[in-house]
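Hi everyone, and thanks for coming. I'd like to walk you through a structure that may be new to you, so please have a look at it with me.

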Amino acid sequence: MTHRIDSQVLGTSLSEALLLAGLMLWQPAATANDAVEREQLVALVRQVDLIDRLVEHAANTAPQERARYHFDYARLQQDVERIRQGLHNYLTPQRAQPRDPIELLGDYRQSNRPSDGEEAQ
């Protein structure tokens, strides 16, 4: 009877040891994945910075005469800034906070009022 109890204890200890070994092996893999994800997000921040500079350049070089429809660079810059802030907040969290529920607008086409000549047509 004593032999059987020892086998059960040994089986439990072996199971615990295997579980512990599995967790120890999993931890470095998770850490490696976190490092890869962090590197990708840092690269994404650099790309967002580049996009922001391109948008600013495009806004400064856009034709000054306004057609009926034009691209809303200011709105695009606001959305790019929100993306940058979201990445920054993820990469350098101060503490756990709820997610910002405000969605990106995404509609960058504005309509100007038709001129007097266009209204008559």
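First, a word of orientation: what you see is a predicted model. The protein chain has three helices and two strands. If you read along the sequence, they come in the pattern α-β-α-β-α. There are 121 residues in the protein chain, and 12% of them count as buried. Now look at the contacts that join residues at least 6 apart in sequence: 79% of these link residues at least 24 apart.

Next, how confident is the prediction? The mean pLDDT of the protein chain is 76, with 64% of the residues at 70 or more. Which helix has the highest confidence, and which the lowest? Helix H2 comes out highest, with a mean of 92, while helix H3, residues 116-120, is lowest at a mean of 55. Please also find the start of the chain. Over residues 1-11 the pLDDT stays under 50, and the model shows zero contacts there beyond four places in sequence. Where pLDDT is low, the predicted coordinates should not be read in detail.

Let's move to the inside. Which residues make up the largest nonpolar core? There are eight in all: Leu 41, Val 48, Val 55, Leu 76, Val 80, Leu 87, Leu 91 and Tyr 108. Helices H1 (2-61) and H2 are the elements that give two or more residues to this core, and H2 gives the most, with four. In soluble globular proteins, nonpolar side chains tend to be buried together. Leaving out residues up to four places away in sequence, Val 80 touches Val 48, Ile 51 and Asp 52.

The largest share, three residues, comes from S1.

To finish, two residues I'd like you to click on. Leu 104 sits in the loop between H2 and strand S2 (109-111). Is Leu 104 buried or partly exposed? Its relative accessible area is 44%, which lies between the 20% and 50% cut-offs, so Leu 104 is partly exposed. Beyond its neighbours within four places in sequence, Leu 104 is in contact with Asp 79, Arg 82 and Ile 83. Leu 104 and Gln 78 are 26 residues apart in sequence, and their C-alpha atoms are 8.9 Å apart in space.

The other residue is Gln 47, in helix H1. Gln 47 has 47% relative accessibility and therefore counts as partly exposed. Along the chain, Gln 47 and Arg 84 are 37 residues apart, and 9.8 Å separates their C-alpha atoms.

That's the tour, and I'm happy to take questions.

Conventions:
Residues are numbered from 1 along each chain as its sequence is written. This is a predicted model: local features need pLDDT of at least 70, side-chain atom pairs count only at pLDDT 80 or more; totals for chains, interfaces and linings use all residues. Side-chain values use heavy atoms; hydrogens and water are left out. pLDDT is the predictor's confidence in each residue, from 0 to 100. Contact means heavy atoms within 4.5 Å. A nonpolar core is a set of buried Ala, Val, Leu, Ile, Met, Phe, Trp, Tyr and Cys residues joined through side-chain atoms within 4.5 Å. Buried means under 20% relative accessible area, exposed over 50%, partly exposed in between (1.4 Å probe, protein chains only).
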